[in-house]
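This report was prepared for a reader who wishes to relate the sequence to the fold. Please keep both in view while reading.

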Amino acid sequence: MLKSWKLKEVVLMSLFAVVFGIVYLLFVHVANIWAAVIGPLAYEWMFGIWFIVSIICMYIIRKPGAAFLSETMAAAIEVLIGNAVGPRLILTGVVQGLGAEAAFALTGYKHFNILVLMLAGIGSAVFSFVYGYFVSGYAALDPSFVALMFTIRVLSGAIIAGIGGKYIGDALLATGSLRGYAIARTKKGDVNA
Amino acid sequence: MRNLLHNMNPSVKFIAVTISMLTIAFFFNPWTPLLFWVSILLLQLTMSHINWKLWLLFMLPFSIGAFGYLWTTVVFGADTGGTIIWSFAGINVTDEQWAHALSLSFRVMAFSSLSLMFAFTTDPVKFILSLMQQLKLSPKLAYGVMVGYQFLPVMKDEFTQIQQAQRLRGAVVEKHSWQRILSMRRVLIPMLAGAVRKAERSAFAMEARGFTGEPRNAYYRPILLSRMDFLMSFVFLTILLTSCLGGIWLS
């Protein structure tokens, strides 16, 4: 899978993973404090933030694996920085990355418009919810409460990760630093953009 | 004895931690996570030398989170039947609900201390090297992650620099926290643009020095597997089995 990747794309993902790893950790702390007040619902509306790196990286690099690898890397960086969620974050990252990756794979890695990006956010939300259902034991909660959590998470994935990811990607493109990446090439010809 | 956890092969430790976690997730009785939590604490007390003050500080937010789980499970828990043990403000709490709530909270505590054990006893660089050498992670990815990790302090400096530069030009510091979250974009975009340029430069430098990203047989810093690692995995497995069986037996 990595054969077609340039080293600079791998390193780019890694550096984005560092920036967002820090952002993610900040929000883990914010969410933990909220969670004491309103319970697991606190995590739900913020979940989109934790999916954003996979969408930004895929939007920029546009190669199979960009979503999965970047999310996993961000989780690995979070573990390297040292935090109390620990190595299981890597597993969470893998699951979330696979969710976004699945959405891009469904569209054949050909379209990167806002709808596909939102779909990727939803993909992450659904995958992470299934994983969370299992690991955090949502089965012990009331089904209607679980349904509410699921709805909020999907919305958060579509809005914060999907729309937010595109917004950040476009803003970054406007700075001109992304020349030499797939996003700049397709924008010129206005194909699939 | 106090070095055992620190000297354990990081990949083996990672696998042991992951397997324990996924297994514990199957149990909804309060005893399994409690037993597991206590054993992990004992393991850490006897086999590692860590800064316990720092450990407590890290545990604090998770204890708060665990409390959140406790009360929401009591209030929003699934209707499972069982006898009512107490009611409060119109909410009837059954013994099964209470057991579930305790179980989920203990699970949060067990998982956090397990994770902290890993974080406090593992050297991050050795962990990546071990992932590459034992678990055959692609060197392109492994070194890519390490480049990112080495840039951490640089990023931190850059963050303050951008903020100071913006303040110098008269950017207002927002009062409300939600405004501050929205204005994160102002710092985030320059940071990311800087990251893109750094990535290009370091990738170029690596390639100029002959890094191809091909897998290899010999490493400058070999991370080894020893007999101790098998022994330690056995210890982990014993703890896991004991808490699973003990939990079933006690409940």
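The structure is a predicted model, in which local features need pLDDT of at least 70 and side-chain atom pairs count only at pLDDT 80 or more, whereas totals for chains, interfaces and linings use all residues. Residues are numbered from 1 along each chain as its sequence is written, and chains are lettered from A and ligands numbered from 1 in the order in which they are written.

**Overall form of the chains**

Chain A contains eight helices and zero strands. Helices here are DSSP runs of H or I with at least four residues, strands are runs of E with at least two, and both are numbered from the N terminus. The radius of gyration of chain A is 16 Å, close to the 16 Å that the globule rule gives for 193 residues, so chain A is as compact as a globular protein of that length. That radius is taken over C-alpha atoms, and the globule rule is 2.2 Å times the number of residues to the power 0.38.

Chain B has eleven helices and two strands, in the order α-α-α-α-β-β-α-α-α-α-α-α-α from the N terminus. Its radius of gyration is 24 Å, well over the 18 Å that the globule rule gives for 251 residues, so chain B is more spread out than a compact globule.

A residue is buried if 20 or more other C-beta atoms lie within 10 Å of its own, exposed if 12 or fewer, and partly exposed in between, with C-beta atoms placed from the backbone.

| Chain | C-alpha box | Buried residues |
|---|---|---|
| Chain A | roughly 50 × 35 × 30 Å | 58% of 193 residues |
| Chain B | roughly 70 × 55 × 30 Å | 37% of 251 residues |

Two residues are in contact if their C-beta atoms, placed from the backbone, lie within 7 Å. Among contacts between residues at least 6 apart in sequence, 73% in chain A join residues at least 24 apart; the corresponding share in chain B is 78%.

**Annotated spans in chain A**

An unreviewed UniProt entry lists residues 12-36, 42-61, 114-134 and 146-169 of chain A as "transmembrane region". Such annotations may be inferred rather than shown by experiment. Residues 12-36 of chain A are 100% helix, with end C-alpha atoms 36 Å apart. The span 114-134 of chain A is likewise 100% helix, and its end C-alpha atoms lie 31 Å apart.

**Nonpolar cores**

A nonpolar core is a set of buried Ala, Val, Leu, Ile, Met, Phe, Trp, Tyr and Cys residues joined through C-beta atoms within 7 Å. The largest has 86 residues, of which A:F16, A:I55, A:C57, A:M58 and A:A120 touch the most other members. Helix α1 (residues 7-38) of chain A gives the most to this core, with 15 residues. Leaving aside residues up to four places away in sequence, A:A120 touches A:I55, A:M58, A:A67, A:A100, A:A103, A:F104 and A:G162. A second, separate core of 40 residues includes B:M8, B:F14, B:I24 and B:I40.

Helix α5 (residues 95-121) of chain B has 27 residues, which at 1.5 Å a residue should span 39 Å; its end C-alpha atoms are 39 Å apart, which agrees. The expected span is 1.5 Å times one less than the number of residues. α5(B) is mostly covered, with 23 of its 27 residues buried.

Helix α11 (residues 227-250) of chain B has 24 residues and should span 34 Å, in agreement with end C-alpha atoms 34 Å apart. Its buried residues are B:M232, B:F236, B:L240, B:S243, B:C244 and B:G247. An α-helix has 3.6 residues a turn, so residues three or four places apart point the same way. What covers the buried residues of α11(B) includes α1 (4-7), α2 and α3 (31-47) of chain B.

**Contact between the chains**

The contact takes 60 residues from chain B and 48 residues from chain A. On the side of chain B, α10(B) gives the most, with 15 residues. By class, this side has 39 nonpolar, 14 polar and seven charged residues. Ala, Val, Leu, Ile, Met, Phe, Trp, Tyr, Cys and Pro count as nonpolar, Asp, Glu, Lys and Arg as charged, and the others, Gly among them, as polar.

**Two loop residues with positive phi**

A:R62, a residue other than glycine, has a positive phi near 55°. A:R62 is placed in the loop between α3 (52-61) and α4 (66-81) of chain A, and is partly exposed, with 19 other C-beta atoms within 10 Å. A:Y109 also has a positive phi, of about 55°, although it is not a glycine. A:Y109 belongs to the loop between α5 (88-106) and α6 (114-135) of chain A, and counts as partly exposed with 17 C-beta neighbours inside 10 Å.
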